[in-house]
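Q: Please take a close look at one helix-helix packing in this model, and then follow the charged side chains around it.

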Amino acid sequence: MKDSLRWMLQFMACARSLLEASCLLSPCPAFSSLTRGTAPLFKSQTEVAMSSTTTDTSWGVLQSAASNTPVGSALDTEQQSRANGTGAPFVQNKLRLFGSTETPKLTLYRDHAGWCPYCQKTMLLIEEKRTPINIELVPMRSYGDKPESFLRIVPSGLLPALLVETNDGRKQVVTESQVIMELLDQWHPVEDGFRKMMPSEDDPKGQARYQKLANLERSLFSWWCTLIFRPEGPGFSGGMLGKLMGSDSSAMSGQMTEFLKVFSEVDKELASTAGPWFFDSDHPTMIDFVYVSHVERMLASCAFWKGLDLRSDDYRRKLPALNAWLDAFEKRECYLAFKSDYYTHIRDIPPQYGPGYDGGFEENRLRYQMDIIGKDGKSWELPLSFDDELQPLYRGPPLPLCVLKASNIEGDDGRVGVEGTSYESADPEKMAEACRQMAGWKLAGNGKNVARFAARGGPKGAKNPRKGFGAELADPYAAPDEALIPYVETALQLVCKALLANGGPTAHEESLKEMKSGLAENIDKGSSRDVASALCYLRDRTGVPRDLPLAAARQLRAHLNAAIDVLY
């Protein structure tokens, strides 16, 4: 009964698309009304600490408590490094210097929420090539108005866009990710210490291979669109693919058959090189980035709409080189900084490509859908399992390296807080606490704005005084339920305190008890269901990687659900 009531609340207030034009846990764009006149998202560490007996849960105390955890202290330091252009890869970095002491003359305009695959592949090249650059964050058309300052520079509104300032002060704009990536590679040659990302003009064999792979990627993309965004035809059996893919092929439609056939060709191309990448290189190159941003979305959409898990043990045997390539990406910090979870993707794909059609393997599809949207009773519920069955978390660093180092979490190779290794054998208790505390630190740092945002989910919230956007009900101008905000703040402060608990599982369990009793004592019965509705609204709009990495986001979602259980 509890589950049905909770998800009825979700249907009424939260069964909408994931992301709004304004941010939840991350700072909003300057043109968003949510942040006008507000303080910076992060503040410096203070000497105030929180013990399990602390009763004051104001945002100031919570923020101080977060900064006094090893995780929070490391993130405070990292936040300052990012602002200076010297920190680790991060989806909302505004400046990347990579050791340069000069002000960059290049500015990349990319999407704010981390939805755009073309922005993602461009950023991956920038990170791997270590190209100094300024970055400006702009909403995509589907979830917000673009600022006039951007439209004056790029009248078409296309993202990504590169603004180039020449030495004589002239400015020029370049659009289209392919062109931008090629120019960045040309302008930053190996002779100047930069990594090579494309075959050179004097390498006709390499150029021919690049073109062959680029054509194959377009074929894969085309069949993906045909499979996901068109009604599926009848099942197909037999043929060479049946022999390759096994007995499941008897239930495949023609679209899925062709899609997997192209994927098998991709697998063969990857298997033809000495390492995991498309070229014999010790690092990924441009063609790897061209593929991975859409392959990432293919994995999520195929699981959700078709019941096809291309990372399963079965498909790791059928497509071994593809999965080795994905494993190699997931061990790289810069890729993980821009990698979304399946939930984010199945919400951000329809506004960009159109609605996905259910089909494929129905039993698996129904199970995967419940897992991805958190309705399976496990994936967004406490106590959380160490790993996620559908989206393994620990094939690479699940959190920023600074967090893993601060928490003294060893990778499977015995080193602490490094990329290039998996974390599948890491200490589960240390890992869970680090994930919780990162979520708590992020919530504490912007608590008032997050509470105001969540209050849109109240009965008098989410009223749109202007217009809608392509992302269902996305609206940066929506008003919160003003009367509900104090109650939502109280609930979120109690959730935040539980997330920040220090001292392992016992301390966390005690903090959860305090959270539940605090909710019962401080939120009256007349408001409790409305507050639960607001927490549903927030839970379903927590985006990866924009707000948190998946390992931390699942902790926030599960703790919000624990509070929702008490409130309704």
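A: In this predicted model, helix 9 (residues 254-271) and helix 12 (residues 320-330) have axes that come within 7 Å and cross at roughly 70°. Angles of 65 to 115 degrees count as roughly perpendicular, and helix 9 and helix 12 are therefore roughly perpendicular to each other. Their crossing is left-handed. Helix 9 contributes F263, D267, L270 and A271 to the contact, and helix 12 contributes P320, A321, L322 and W325. By class, the residues of this contact are seven nonpolar, no polar and one charged.

R316 pairs with D327, and the closest N and O atoms of the two are 2.4 Å apart. Since R316 lies in helix 11 and D327 in helix 12, the pair ties together parts that are eleven residues apart in sequence. The two partners fall on either side of the 20% limit below which a residue counts as buried: R316 is partly exposed, with a relative accessible area of 23%, whereas D327 is buried, with a relative accessible area of 12%.

K318 forms a salt bridge with D314, with 2.9 Å between the closest N and O atoms.

Elsewhere in the chain, a salt bridge links E482 and R452, at 2.7 Å from N to O. This pair connects distant parts of the chain, with R452 in helix 18 (447-454) and E482 in the loop between helix 18 and helix 19 (485-499), 30 residues apart. Both ends are classed as partly exposed, E482 because its relative accessibility is 46% and R452 because its relative accessibility is 34%.

The count for the model comes to 30 salt bridges, among them K318 with D314, R316 with D327 and E482 with R452.

Methods:
Residues numbered from 1 in each chain as written. Predicted model: local features only at pLDDT ≥ 70, side-chain atom pairs only at ≥ 80, totals over all residues. Heavy atoms only, no water. Axes fitted to C-alpha atoms, helices over the stretch in contact; angles between N-to-C directions. Helix = DSSP H or I, 4+ residues; strand = E, 2+ residues; numbered from the N terminus. Parallel < 35°, antiparallel > 145°, perpendicular 65-115°, else oblique. Left-handed = near helix turned anticlockwise from the far one by under 90°. Contact = heavy atoms within 4.5 Å. Nonpolar A, V, L, I, M, F, W, Y, C, P; charged D, E, K, R; others polar. Salt bridge = Lys/Arg side-chain N within 4 Å of Asp/Glu carboxyl O. Buried < 20%, exposed > 50% of the residue type's maximum accessible area, 1.4 Å probe, protein only.
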